[in-house]
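Please look at the sequence and the structure before reading the notes.

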Amino acid sequence: MLGTENNKIHVLIADNEDSLRKTVSAWLADEGFVVDDVSNGTDAISKIQEKEYDIAILDIKMPGANGLEVLRYIKKNSFQTEVVMMTGMTDISMAVEAMKLGAKEYLTKPVNMEQLVPQLRSLIRKRDAEERIRTLQMEHSARLLYDLHNPIVGLRQSIGYLLKEMAGPLTDHQKELLGYMSTSIDKVIALLNDMMDLKKLEGGRVRLNKGIGSLPVTVQTVCNEYNVPMNSKKITFDFSAEPELPAIEYDAEKISQVLHTLMSNAVAHTQEQGAIVVQIRKVAIVLEEGQKPIDHILVSIFNTGAGIPKEELPLIFDRYRDIIAGKSNTSKKSGLGLIIAQRIVEAHNGKIWVESETGKSVTFFFTLPIR
């Protein structure tokens, strides 16, 4: 919570009316706020990319990107920033649309300065209170999962001792039953592990340990770990990376986790003598309509196989997809791997998606920004 940490509320004001913008900026600065101001939406987005704000006050009609476009960008990329829209009386319908998109308040011009300061302070108090509640809920859920995890792991170890006949000889039937119990418990442990990872990611309590590195090196390192299972299935593997790709800032451990999820899925679903192709290249992506393309590195992992039915593609990154599709999980995997991968990629301001040709192939893609 930026405002709480610095005992100052950081505000960005974006309005193309110079007199109004300067008046509001000066008033808030006199009241102890830390204020930046810009005259258009494009500059507002640039400011948000440079630093974090507690509140963004946006005019709806601005040159460059309008207020709604800046609002969409903030809601996607700056979750801690509360948005207040400024509008003339003739633009009330657009202000209502902004509230639907996530704005918390709207001001009509001319702005009542006496009401503005308590209104902004109240907005931050509500945000901080909601954040404390969310944190308590996440901590309670995490503690519950941890309390479930430990005794189940202990039970799994006890069954392992029994299977080694450390408590006496076993009949074949007893070994069969204990083996079934062990397999079932492994599934539960995998589910709990993934749920704990997911809770941490969703709660924002896992900070990315970013460093400057070569994404192709990380990708190839993970792919090399699958040489044995690929050779056992006689899978043809091809790896290629565009030359002279720039180093980028990312969490190598967590991106490796994403790659392990995608590669293990590819190997598992590729038929005997099939093919897996991994490619890395530079692409330019437009994140918001009207904005300049931003350079990303794109990783694609293609595998031949049965593919994914068209009706199931929208459910791939849904944690409840197996329930919705009426499927039962017979493997040790929890089914949360792809959801966790999505959270990790999005935490890097990247994107992950899948394309499939039923009966032929599946390709997973993810991008990481170069800047």
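Asp 37 counts as partly exposed, because its relative accessibility is 24% (buried means under 20% relative accessible area, exposed over 50%, partly exposed in between, with a 1.4 Å probe and protein chains only). This is a predicted model, in which local features need pLDDT of at least 70, side-chain atom pairs count only at pLDDT 80 or more, and totals for chains, interfaces and linings use all residues. Residues are numbered from 1 along each chain as its sequence is written, and side-chain values use heavy atoms, with hydrogens and water left out.

**Salt bridges**

- The count comes to 15 salt bridges, each being a side-chain nitrogen of Lys or Arg within 4 Å of a carboxyl oxygen of Asp or Glu.
- Asp 37 forms a salt bridge with Lys 22 (3.2 Å, N to O).
- Lys 22 lies in helix H2 (residues 18–30) and Asp 37 in strand E2, so the pair ties together parts 15 residues apart in sequence; helices (H or I, at least four residues) and strands (E, at least two) are DSSP runs, numbered from the N terminus.
- Lys 104 and Glu 82 also meet in a salt bridge (3.3 Å, N to O).
- Lys 104 is partly exposed at 35% relative accessibility, whereas Glu 82 is buried at 6%.

**The sheet**

- An open sheet is formed by 5 strands in the order E2-E1-E3-E4-E5, with parallel pairing; two strands pair if DSSP finds at least two bridges between them.
- Strands E2 (34–38) and E5 (105–108) stand at the edges with a single partner strand each, so one side of each has no neighbour in the sheet.
- Between strands E3 (residues 55–59) and E4 (residues 82–87) there are 5 bridges, and Ile 57 has Val 84 in E4 as its bridge partner.
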